[in-house]
Amino acid sequence: MFHIFFFLSSLVSILIFVVPLLGQLFFYYWLLLKLKSRTDFNTCHVMGKAKLTELSLMAKLQALYLFSYNFLQFLGWTTALFRILSNLISTKLVTGAYASAGELICLLQCCAFLEVIHGAIGIVPSGVVLPLMQWSGRTHFVLAIVRQIVEVKELPSMFITFSAWSLTEVIRYSHYALSCIGSPPYLITYLSIFLPIRYTAFILLYPVGVGPGEIWLMYQALPFIKRGNLYANSLPFSYYNFIKVLLVLYPLLWLKLYLHLFKQRRSKLGKYQKTKKI
């Protein structure tokens with residue numbers, strides 16, 4: 001059932017957001033090729049201004065799209081975090097994380113497949129491999145394991161995972177959304193305060209979300225997977241053995257992403273410090 005949910009969510013996301021954007025990109029790419037193919041200099045000069053204006057419009061539309069996407073993700077994760085904390089305060093228990101925000105987080109995580117497409121078509125510099133690794137790992141976790149096994153939804157590791165994810169994504173998406181606006185004066189203050197937080201918070205939140213969160217919950221889910229013979233009728237291999245292998249590989253895959261974030265942190269904060277000195 002989770003396969004159908006995942007497929008439909010991803011398909012709807014692509015149809016709503018990506019298809020119009022791809023149409024615009026291909027249209028302006030065609031205009032650029034037409035501009036380059038002109039041999040008459042004067043004609044090129046006159047037409048070039050018009051095409052550059054159109055390309056500038058395309059860049060603005062692209063920035064508006066990226067701002068809208070990141071802002072909506074920010075709102076979604078902020079809502080999820082608010083629900084989790086509200087449930088914790090009202091019940092004094094950590095067992096209600098999935099009940100309060102689980103379905104919303106599943107939806108947000110499915111829609112995050114757009115970030116893989118963003119990297120693939122080049123509108124963001126993230127590339128494809130690392131976003132795909134993170135998206136596939138999280139999506140498999142919430143849809144294939146958590147959503148299918150009732151017993152794990154109230155575990156403390158579920159609360160740890162969702163809390164770490166929500167805090168991380170609130171910080172990340174708010175930064176991305178504001179970065180799409182440009183460089184108005186108030187962003188200078190924002191950068192001096194928030195940029196170090198954006199590229200430092202992951203140092204704690206990422207290991208917490210993965211270790212006592214995702215990995216520990218998958219380990220706790222093993223008896224339920226074996227007892228229910230999960231996906232025995234839909235997979236040609238043992239899903240129980242697959243999870244055991246995944247638990248061995250998970251730290252290695254996580255370390256690759258973690259080291260990449262440190263590299264990104266050095267790059268971003270280094271550039272900001274140079275700009276600040278200038």
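This is a predicted model: local features need pLDDT of at least 70, side-chain atom pairs count only at pLDDT 80 or more; totals for chains, interfaces and linings use all residues.
I count a residue as buried when its relative accessible area is under 20%.

**Entry 1. Helix α4**

I began with helix α4, which covers residues 113-121. Which of its residues are buried? I listed Leu 114, Glu 115, Val 116, Ile 117, His 118 and Gly 119. I then looked just past the end of α4, where Gly 122 has a positive phi of about 85°.

**Entry 2. The whole chain**

I stepped back to the protein chain. How many helices and strands does its secondary structure hold? I found nine helices and zero strands. Read from the N terminus, the order of elements is α-α-α-α-α-α-α-α-α.

I noted that the chain has 278 residues, and that 40% of them are buried. I also looked up the contacts between residues at least 6 apart in sequence, and 77% of these join residues at least 24 apart.

**Entry 3. Positive phi outside glycine**

I looked for residues other than glycine with a positive phi. I wrote down Lys 92, which is not a glycine and has a positive phi of about 60°. Lys 92 sits in the loop between α2 and α3, where α3 is residues 97-111. Is Lys 92 buried or exposed? Its relative accessible area is 65%, so I put Lys 92 down as exposed.

I also noted Tyr 231, another residue that is not a glycine, with a positive phi near 65°. The place of Tyr 231 is the loop between α8 (202-228) and α9 (239-277). Because its relative accessibility is 11%, Tyr 231 counts as buried.

**Entry 4. Ala 59 in α2**

I moved to helix α2, residues 41-91, which holds Ala 59. I recorded a relative accessible area of 41% for Ala 59, so this residue is partly exposed.

**Entry 5. Leu 108 in α3**

I went on to Leu 108, a residue of helix α3. Its relative accessible area is 9%, so I recorded Leu 108 as buried. Which residues does Leu 108 touch, not counting those up to four places away in sequence? I found Gln 73, Gly 76 and Trp 77. For Gln 73 I also looked up the C-alpha separation from Leu 108, which is 6.9 Å for two residues 35 apart along the chain.

**Entry 6. α3 against α6**

I then checked how α3 packs with α6. The angle is about 45°, and the axes are 10 Å apart. That angle makes α3 oblique to α6. I noted the crossing of α3 past α6 as left-handed.

Which residues meet here? From α3 I listed Ala 97, Tyr 98, Gly 102 and Ile 105, and from α6 Met 158, Phe 159, Phe 162, Trp 165 and Ser 166. I sorted the residues of this contact into seven nonpolar, two polar and no charged.

**Entry 7. α6 against α8**

I looked at α6 again, this time with α8. These two helices pack at an angle of about 150°, with axes 8 Å apart. Angles over 145 degrees count as roughly antiparallel, so I used that term for this pair. α6 passes α8 in a left-handed crossing.

On the α6 side I listed Ser 157, Met 158, Ile 160, Thr 161, Ala 164, Trp 165, Leu 167 and Thr 168. On the α8 side I listed Leu 205, Val 208, Gly 209, Pro 212, Gly 213, Glu 214, Trp 216, Leu 217 and Gln 220. The residues of this contact come to ten nonpolar, six polar and one charged.

**Entry 8. Ser 157**

Which residues is Ser 157 in contact with, leaving aside neighbours within four places in sequence? I wrote down Pro 212, Gly 213, Trp 216, Leu 217 and Gln 220. With Gln 220 there is also a polar contact: the side chains of Ser 157 and Gln 220 are joined at 2.8 Å.

Technical notes:
Residues are numbered from 1 along each chain as its sequence is written. Side-chain values use heavy atoms; hydrogens and water are left out. Buried means under 20% relative accessible area, exposed over 50%, partly exposed in between (1.4 Å probe, protein chains only). Helices (H or I, at least four residues) and strands (E, at least two) are DSSP runs, numbered from the N terminus. A polar contact is a pair of N or O atoms within 3.5 Å; within protein, one must be able to donate a hydrogen and the other to accept it, and residues adjacent in sequence count only if both atoms are side-chain atoms. Contact means heavy atoms within 4.5 Å. Axes are lines fitted to C-alpha atoms, for helices over the stretch in contact, and angles run from 0 to 180 degrees between N-to-C directions. Angles under 35 degrees count as roughly parallel, over 145 as roughly antiparallel, 65 to 115 as roughly perpendicular and the rest as oblique. A crossing is left-handed if the near helix is turned anticlockwise from the far one by less than a right angle, and right-handed if clockwise. Ala, Val, Leu, Ile, Met, Phe, Trp, Tyr, Cys and Pro count as nonpolar, Asp, Glu, Lys and Arg as charged, and the others, Gly among them, as polar.
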